[in-house]
Amino acid sequence: MDTLNSGITRDAMANYCQECGKELISPNAEICPNCGVRLKEIVINRRSPVIAVVLSFFIWGLGQVYNGQFGKGIAYFVIGVLCVASLMILIGFLLVPLWWLIGMVDAYVSAKRINAGEDASKFINV
Ligand SMILES: [Zn+2]
(Lines give C-alpha, C1' and ligand atoms only; values in the text may rest on other atoms or scores of the structure.)
Protein backbone atom coordinates (compact mmCIF):
# COMPACT_ATOMS: atom_id res chain seq x y z
CA MET A 1 0.00 0.00 0.00
CA ASP A 2 1.21 3.48 -0.68
CA THR A 3 1.60 5.89 2.14
CA LEU A 4 1.40 9.04 0.06
CA ASN A 5 -2.38 9.19 -0.04
CA SER A 6 -3.09 8.34 3.56
CA GLY A 7 -4.65 10.92 5.82
CA ILE A 8 -7.54 13.10 4.79
CA THR A 9 -8.41 11.34 1.53
CA ARG A 10 -8.56 7.86 3.03
CA ASP A 11 -10.45 9.00 6.11
CA ALA A 12 -12.96 10.81 3.96
CA MET A 13 -13.38 7.73 1.81
CA ALA A 14 -13.85 5.52 4.83
CA ASN A 15 -16.56 7.59 6.48
CA TYR A 16 -18.44 9.12 3.57
CA CYS A 17 -19.80 7.72 0.35
CA GLN A 18 -17.72 8.98 -2.58
CA GLU A 19 -20.77 8.92 -4.82
CA CYS A 20 -23.45 10.74 -2.81
CA GLY A 21 -21.43 12.12 0.12
CA LYS A 22 -23.70 10.59 2.74
CA GLU A 23 -22.03 9.59 5.98
CA LEU A 24 -21.63 5.83 6.35
CA ILE A 25 -22.62 3.91 9.47
CA SER A 26 -19.64 1.53 9.22
CA PRO A 27 -16.26 2.37 7.65
CA ASN A 28 -16.20 -1.23 6.41
CA ALA A 29 -19.54 -0.93 4.59
CA GLU A 30 -19.41 -2.64 1.20
CA ILE A 31 -22.39 -0.86 -0.30
CA CYS A 32 -23.69 2.66 0.41
CA PRO A 33 -27.16 2.31 1.99
CA ASN A 34 -28.22 5.61 0.41
CA CYS A 35 -27.28 5.33 -3.27
CA GLY A 36 -26.25 1.66 -3.50
CA VAL A 37 -22.80 2.26 -5.00
CA ARG A 38 -20.16 -0.40 -4.26
CA LEU A 39 -17.62 1.11 -1.86
CA LYS A 40 -15.20 -1.80 -1.50
CA GLU A 41 -14.50 -1.78 -5.22
CA ILE A 42 -13.27 1.81 -5.04
CA VAL A 43 -10.76 0.84 -2.37
CA ILE A 44 -9.62 -2.31 -4.20
CA ASN A 45 -9.06 -0.35 -7.42
CA ARG A 46 -6.61 2.03 -5.76
CA ARG A 47 -3.25 2.25 -7.52
CA SER A 48 0.08 2.94 -5.92
CA PRO A 49 1.69 5.91 -7.74
CA VAL A 50 5.10 4.66 -6.58
CA ILE A 51 4.63 1.19 -8.10
CA ALA A 52 3.32 2.80 -11.31
CA VAL A 53 6.47 4.93 -11.59
CA VAL A 54 8.79 1.99 -10.86
CA LEU A 55 7.10 -0.17 -13.51
CA SER A 56 7.34 2.67 -16.05
CA PHE A 57 11.00 3.08 -15.10
CA PHE A 58 11.76 -0.44 -16.34
CA ILE A 59 9.37 -0.87 -19.26
CA TRP A 60 7.53 1.79 -21.26
CA GLY A 61 3.80 1.55 -20.71
CA LEU A 62 3.93 -0.96 -17.86
CA GLY A 63 2.91 1.65 -15.28
CA GLN A 64 -0.03 2.59 -17.51
CA VAL A 65 -1.06 -1.09 -17.78
CA TYR A 66 -0.79 -1.37 -13.99
CA ASN A 67 -3.13 1.63 -13.76
CA GLY A 68 -5.63 -0.32 -15.84
CA GLN A 69 -4.99 1.73 -19.00
CA PHE A 70 -4.10 -1.16 -21.33
CA GLY A 71 -4.44 0.55 -24.69
CA LYS A 72 -2.49 3.55 -23.49
CA GLY A 73 0.24 1.29 -22.08
CA ILE A 74 0.66 -0.44 -25.42
CA ALA A 75 0.78 2.93 -27.19
CA TYR A 76 3.44 4.14 -24.76
CA PHE A 77 5.50 1.02 -25.42
CA VAL A 78 5.21 1.38 -29.21
CA ILE A 79 6.21 5.06 -29.06
CA GLY A 80 9.13 4.05 -26.81
CA VAL A 81 10.32 1.52 -29.40
CA LEU A 82 10.05 4.20 -32.10
CA CYS A 83 12.11 6.55 -29.91
CA VAL A 84 14.81 3.86 -29.59
CA ALA A 85 14.72 3.35 -33.37
CA SER A 86 15.22 7.09 -33.83
CA LEU A 87 18.58 6.79 -32.02
CA MET A 88 19.94 5.96 -35.49
CA ILE A 89 19.10 9.46 -36.67
CA LEU A 90 20.43 10.99 -33.44
CA ILE A 91 17.14 12.70 -32.43
CA GLY A 92 16.52 9.58 -30.32
CA PHE A 93 19.09 10.80 -27.81
CA LEU A 94 16.59 13.55 -27.02
CA LEU A 95 13.38 11.55 -27.53
CA VAL A 96 14.30 8.47 -25.46
CA PRO A 97 14.93 10.26 -22.14
CA LEU A 98 12.02 12.65 -22.81
CA TRP A 99 9.51 9.86 -23.49
CA TRP A 100 10.91 7.84 -20.58
CA LEU A 101 10.30 10.81 -18.27
CA ILE A 102 6.80 11.46 -19.66
CA GLY A 103 5.93 7.79 -19.15
CA MET A 104 6.91 7.90 -15.49
CA VAL A 105 5.19 11.24 -14.78
CA ASP A 106 2.01 10.07 -16.51
CA ALA A 107 2.00 6.78 -14.57
CA TYR A 108 2.37 8.68 -11.29
CA VAL A 109 -0.21 11.38 -12.01
CA SER A 110 -2.69 8.90 -13.52
CA ALA A 111 -2.49 6.64 -10.44
CA LYS A 112 -3.14 9.61 -8.16
CA ARG A 113 -6.10 10.76 -10.28
CA ILE A 114 -7.58 7.25 -10.42
CA ASN A 115 -7.30 7.02 -6.62
CA ALA A 116 -9.00 10.39 -6.24
CA GLY A 117 -11.79 9.34 -8.61
CA GLU A 118 -10.68 11.99 -11.11
CA ASP A 119 -10.40 11.73 -14.88
CA ALA A 120 -7.13 10.13 -15.95
CA SER A 121 -8.14 9.34 -19.52
CA LYS A 122 -5.90 11.95 -21.17
CA PHE A 123 -3.04 10.41 -23.18
CA ILE A 124 -0.47 12.39 -21.24
CA ASN A 125 -1.34 13.39 -17.67
CA VAL A 126 1.11 15.83 -16.15
ZN1 LIG B 1 -23.85 6.83 -1.59
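H5 and H6 lie roughly antiparallel to each other, because an angle over 145 degrees counts as roughly antiparallel and theirs is about 160°. This is a predicted model, and the values below are computed from it.

The protein has 6 helices and 0 strands, so that its elements, read from the N terminus, follow the order α-α-α-α-α-α. Of its 126 residues, 28% are buried. Among contacts between residues at least 6 apart in sequence, 35% link residues at least 24 apart.

Two packed helices are described by the angle between their axes and the distance between the axes.

| Helix pair | Angle between axes | Distance between axes | Crossing |
|---|---|---|---|
| H5 and H6 | about 160° | 8 Å | left-handed |
| H3 and H6 | about 160° | 8 Å | right-handed |

The angle of about 160° between H3 and H6 makes this pair roughly antiparallel. H3 passes H6 in a right-handed crossing. On the H3 side, the contact is made by Pro49, Ala52, Val53, Leu55, Ser56 and Phe57, and on the H6 side by Gly103, Met104, Ala107, Tyr108, Ala111 and Lys112. Sorted by class, the residues of this contact are 9 nonpolar, 2 polar and 1 charged.

The crossing of H5 and H6 is left-handed. Here H5 contributes Tyr76, Ile79, Gly80, Cys83 and Val84, while H6 contributes Gly92, Leu95, Val96, Trp99 and Gly103. By class, the contact of H5 with H6 holds 7 nonpolar and 3 polar residues, and no charged ones. Gly103 of H6 takes part in the contact with H5 and also in the contact with H3.

The loop between helix H5 (70-85) and H6 contains Leu90. Phi of Leu90 is near 70°, a positive value in a residue other than glycine. Leu90 has 9 other C-beta atoms within 10 Å and is therefore exposed, the limit for that class being 12 or fewer.

In soluble globular proteins, nonpolar side chains tend to be buried together. In this model the largest nonpolar core has 11 residues: Ala52, Leu55, Leu62, Val65, Tyr66, Ala107, Tyr108, Val109, Ala111, Ile114 and Ala120. H6 gives the most, with 5 residues.

Ala52 and Leu55 of H3, together with Ala107, Tyr108 and Ala111 of H6, are in the contact between these two helices, and they also belong to the core. Ala120 is another core member. Apart from residues up to four places away in sequence, Ala120 touches Ser110, Arg113, Ile114 and Asn125.

**Met104**

Met104 lies in helix H6 and is one of the residues of H6 in the contact with H3. Is Met104 buried, partly exposed or exposed? Met104 has 18 other C-beta atoms within 10 Å, so it is partly exposed; a buried residue would need 20 or more. Leaving aside neighbours within four places in sequence, Met104 is in contact with Val53, Ser56, Phe57 and Gly63. Of these, Val53, Ser56 and Phe57 are H3 residues in the H3 and H6 contact. Ile59 is 45 residues from Met104 along the chain, and the C-alpha atoms of the two are separated by 9.9 Å.

Notes. Residues are numbered from 1 along each chain as its sequence is written. This is a predicted model: local features need pLDDT of at least 70, side-chain atom pairs count only at pLDDT 80 or more; totals for chains, interfaces and linings use all residues. A nonpolar core is a set of buried Ala, Val, Leu, Ile, Met, Phe, Trp, Tyr and Cys residues joined through C-beta atoms within 7 Å. Helices (H or I, at least four residues) and strands (E, at least two) are DSSP runs, numbered from the N terminus. Two residues are in contact if their C-beta atoms, placed from the backbone, lie within 7 Å. Axes are lines fitted to C-alpha atoms, for helices over the stretch in contact, and angles run from 0 to 180 degrees between N-to-C directions. Angles under 35 degrees count as roughly parallel, over 145 as roughly antiparallel, 65 to 115 as roughly perpendicular and the rest as oblique. A crossing is left-handed if the near helix is turned anticlockwise from the far one by less than a right angle, and right-handed if clockwise. Ala, Val, Leu, Ile, Met, Phe, Trp, Tyr, Cys and Pro count as nonpolar, Asp, Glu, Lys and Arg as charged, and the others, Gly among them, as polar.
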